[in-house]
Amino acid sequence: MNTGCNKRPFDAGRATYLTLNGLLLAFLLAPIAIVLVFALNPTPYISFPPVGVSLRWFEKFFRSPEFMNALFLSLWVAGCVLVLSIVIGGACALALARGNLPGRSFLTAFFMSPLMLPAILTGLALFQSYLLAGIGRPVWGLILAHTLVAVPYVIRTTLAVLHNFDRRIEEAAAVLGASPTRVFFEVTLPLIRPGVFAGGVFAFIVSFDQFPVSLFLVVPKGETLPVVLFNYMKFDLDGAIAAASMVSILLALSVVLVLERLIGLKAYVKL
Amino acid sequence: MAVASRPSPIAWLLAPALLLFVLFFVLPFGVMAMMSFYSGNPVTNPNAFPTTRHYERFIFDTAGIFHDALWATLRIGFITTVVSLLIGYPLAHWMARMQSRLGHALVLMAVIAPMLTGIVVRTFAWMTILQDRGVINTLLMEWGVIGKPLPLMYNEFGTVVALVHIYVPFMVLTLTGVIGRIDERLEQAARSLGAGRLRAFVEVTLPLSLPGILAGSLLVFALSISAYVTPSLMGGTDVLTLPMLIAQQVGTSFNPNFAGALGVVLLLVSLLIVVAYNRILARLSGEQGLA
């Protein structure tokens, strides 16, 4: 039956199906491509069609102290979130998978819940708590808030890896005389490393692109890049935003490639 | 079996996460709920007293905007969900049934790449496409199809378009998992018994993927009713949603107590959805365990 496939005459149903899906893919990807066009287009406002290629918007972006301060703050926060969420999330996933905990599925759902509850409410609740505690809006408060919404990603990718590898490998090491500590450091940890790192990379992006959680937790002059871009976009829509967008898109694309290399995208896609 | 045994020492690794979640998640939401029942900040203001007036203000809605905002939030969430399903299903089906590994990886990347691009950036992309001088209006006017720009942005339409783009990957990923688990031979059996391809799909695959449709829809609905960036940039003055109202109360009116009450309302709606979503997922993984 399969050999006949190529000889079959034009298959209208199949063609429609493929065309439709091609269009849907274009819908997903076109906006990203268009941002690149506007980032390189030199006209003073966003206009179509583009008239040329220039790097003036990238120059404006990288020369503006406002954008640069925000970029560095975002990178700093995302870096801290990366480290914190790897440690906290990786440990948590191990405990969930190997700790023989009662109520495991409830706990897993609980640790995933920051992804399901409105992020803007997480921001609001933390804002009110910091207000009540009278601590102002410190950067560490922002970092921990981001960590809270990034940890679930690390837990998810780590659990996916833990779920996939054979527990008997650990048991074999134990049978061969390795102490539990040695099994942990020499077998379990190396095995889950790709999952933890993939989650960490994802945590970095989640923090770097984070808006709703940051909205109420940043101070004037100490805003992260997405907040600065948002405020800028309310009044001005020029190529500088496109250039800034390109910078974060390139960052995201490199992350996708890193993820694919580390564990394959499939593992972390499990929702 | 080790299932019923006591927690192992590894369980202690849960402690840091638990501490983080209690201090920065459970407690703050408690604080938010408490603040919504106070007239002011009970720590700094000795005159702050317990009250239900914030909820009364929302329920009686003398200003006539809060109910509209709640309704607009749910309506936008609903339309976004339906459109995401219509767009997401074909893509998910294609991905789940794709034979080529390379093709699968490429489509998966195309679906995930937008997810990894920030919400602010993606909303900006749609502003450049839909505004009066944007890509679509410029092209249509150049081709002489329209005389003046179509109102594609600063309204609900633009908001929904951008929201669909932002949340459709979640739908696709949820559905792909479920459709991929449906045995393809069931559909083949239907076809060998004489059903056409469409009929085999409608009567076999579609009903079997219903849990995925439900889970994906709940996820997209929960995400889109809490969206703030997109409605406030794409909606202009036409759109006012609950998250926008909350941000207004914090930012311009500086009334965190009323913002808390609005937050509790949004939280209750979301919790309802989350519980339903988890139920469906639990049932799904149960089925997977049997297979």
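**Note on the predicted model**

1. Of the 271 residues in chain A, buried residues make up 46%, where a residue is buried if 20 or more other C-beta atoms, placed from the backbone, lie within 10 Å of its own. This is a predicted model, in which local features need pLDDT of at least 70 and side-chain atom pairs count only at pLDDT 80 or more, while totals for chains, interfaces and linings use all residues. Residues are numbered from 1 along each chain as its sequence is written, and chains are lettered from A, with ligands numbered from 1, in the order in which they are written.

2. Chain A has 12 helices and 0 strands, helices being DSSP runs of H or I with at least four residues and strands runs of E with at least two, numbered from the N terminus. With a radius of gyration of 23 Å, well over the 18 Å that the globule rule gives for 271 residues, chain A is more spread out than a compact globule; the radius is taken over C-alpha atoms, and the rule is 2.2 Å times the number of residues to the power 0.38.

3. Beyond its neighbours within four places in sequence, L124(A) is in contact with residues including F216(A), I246(B) and V250(B), contact meaning C-beta atoms, placed from the backbone, within 7 Å. Both I246(B) and V250(B) are buried in helix 12 of chain B, a helix spanning residues 242-251 that is mostly covered, with 8 of its 10 residues buried.

How values were computed
A residue is buried if 20 or more other C-beta atoms lie within 10 Å of its own, exposed if 12 or fewer, and partly exposed in between; C-beta atoms are placed from the backbone. Two residues are in contact if their C-beta atoms, placed from the backbone, lie within 7 Å.
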